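Please look at the sequence and the structure before reading on.

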Amino acid sequence: MTRAQELVEYLAGTESLAIVCHDNPDPDCIASALALSSIAEWCGVEDTELFYGGMISHQQNRAFINLLHLNLEHAEEFVRDDFDKIAFVDHATPAGHTELKSVEPDIVIDHHSTEAPECDFVDLRDEYGATASILVEYFRELDIKMNVQLGSALLFALHRERIDYIRGPTAHEYEAALYVYGHADLELLERLYGAAFSPATVDAISEAIRNRVQRGATLATSAGRTAERDALAQAADYLLNVEGVDTVLVFGVVDSAVEMSARSIDPRVHAGNVLRQAFDDVGSAGGHADMAGAQIPLGLFADSDADDEELVDFASRRVVHRFFDALHLERGEE
């Protein structure tokens, strides 16, 4: 029996399913949640709802949801007793990934390298480059008809997660993209790629460019305080193009935490391990060899009356020090 068939068997008799995305979900997470919802409906599940925590600030992600008319509820609206089963997609545990910290999943489908949670159905494949690839495989094995909305969502997710940036895509991503290509609205996807930057995103990227500190081929920089969390990843992608740079960390103060996004094309550097070594004792961190993220709660500092500029400056110095120390690079003068 394939994993897809096992999932169908497990969902038999289920009347309601909540599908929980990780906080600040990206297209891979959202498209995978939509795909799982379609499979659940095909299995006879009458009520499926998609939830997310945090915020969706990346301009392409907002356009992705609006143009595809996707319906996602915020985690504030989630009521556990309303659902027979809970599924997590593109993440495996509540800790550090979702606002719904006390919710334990019944189903987990993910491509990240992590310890398997104790739940009824788990499909973790860290040899895959995207969770969407796993869900496309389910569709192929079950021979479920795919509509244009889902095909477009999955194709965009596969490209944004791996193929566009050639960040370690596996054969699974190319096979999945080829399969969904015929079901996608290519004109709509072209509009998604043309989604405009918000002024706040431009400001955050500009600040990151201005504040950059480089040690050898490694660059770290602060985007200051920003409401645009996704701008950190966009700035990291952009700064990885600086000549002579192969590892980048961009961080900023978002609400009551320091959020971070790292990128690396150096085969000697595992970005996820570096962030875990640098920040696990004060927050949460993880990710792949080539892309990773971390978060440090500001705690009491977030509620202090201290000057915001001083707070950002203090946090910036500590983050830069820890990051360079984890890579065994000299700090220099900050």
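A polar contact is a pair of N or O atoms within 3.5 Å, where within protein one must be able to donate a hydrogen and the other to accept it, and residues adjacent in sequence count only if both atoms are side-chain atoms. This is a predicted model, in which local features need pLDDT of at least 70 and side-chain atom pairs count only at pLDDT 80 or more, while totals for chains, interfaces and linings use all residues. Residues are numbered from 1 along each chain as its sequence is written, and side-chain values use heavy atoms, with hydrogens and water left out.

Q: Which side chain does a polar contact of 2.9 Å join to that of Lys-85?
A: Lys-85 belongs to strand 4, residues 85–89 (strands are DSSP E runs of at least two residues, numbered from the N terminus). Its contacts, meaning heavy atoms within 4.5 Å, include Tyr-10, Ser-16 and Asp-106, when residues up to four places away in sequence are not counted. The polar contact of 2.9 Å is with the side chain of Thr-14.

Q: How far from Lys-85 is the nearest side chain of opposite charge?
A: Lys-85 is buried, that is, under 20% relative accessible area with a 1.4 Å probe and protein chains only. Lys-85 has no salt bridge, a term for a side-chain nitrogen of Lys or Arg within 4 Å of a carboxyl oxygen of Asp or Glu. The nearest side chain of opposite charge is that of Asp-84, and its distance is 6.2 Å.

Q: What share of the residues of the protein count as buried?
A: The C-alpha trace spans about 60 × 40 × 35 Å along its principal axes. Of the 334 residues, the share that count as buried is 54%.

Terms used: Helices (H or I, at least four residues) and strands (E, at least two) are DSSP runs, numbered from the N terminus. Buried means under 20% relative accessible area, exposed over 50%, partly exposed in between (1.4 Å probe, protein chains only). Lys and Arg count as positive and Asp and Glu as negative; His and the chain ends are not counted.
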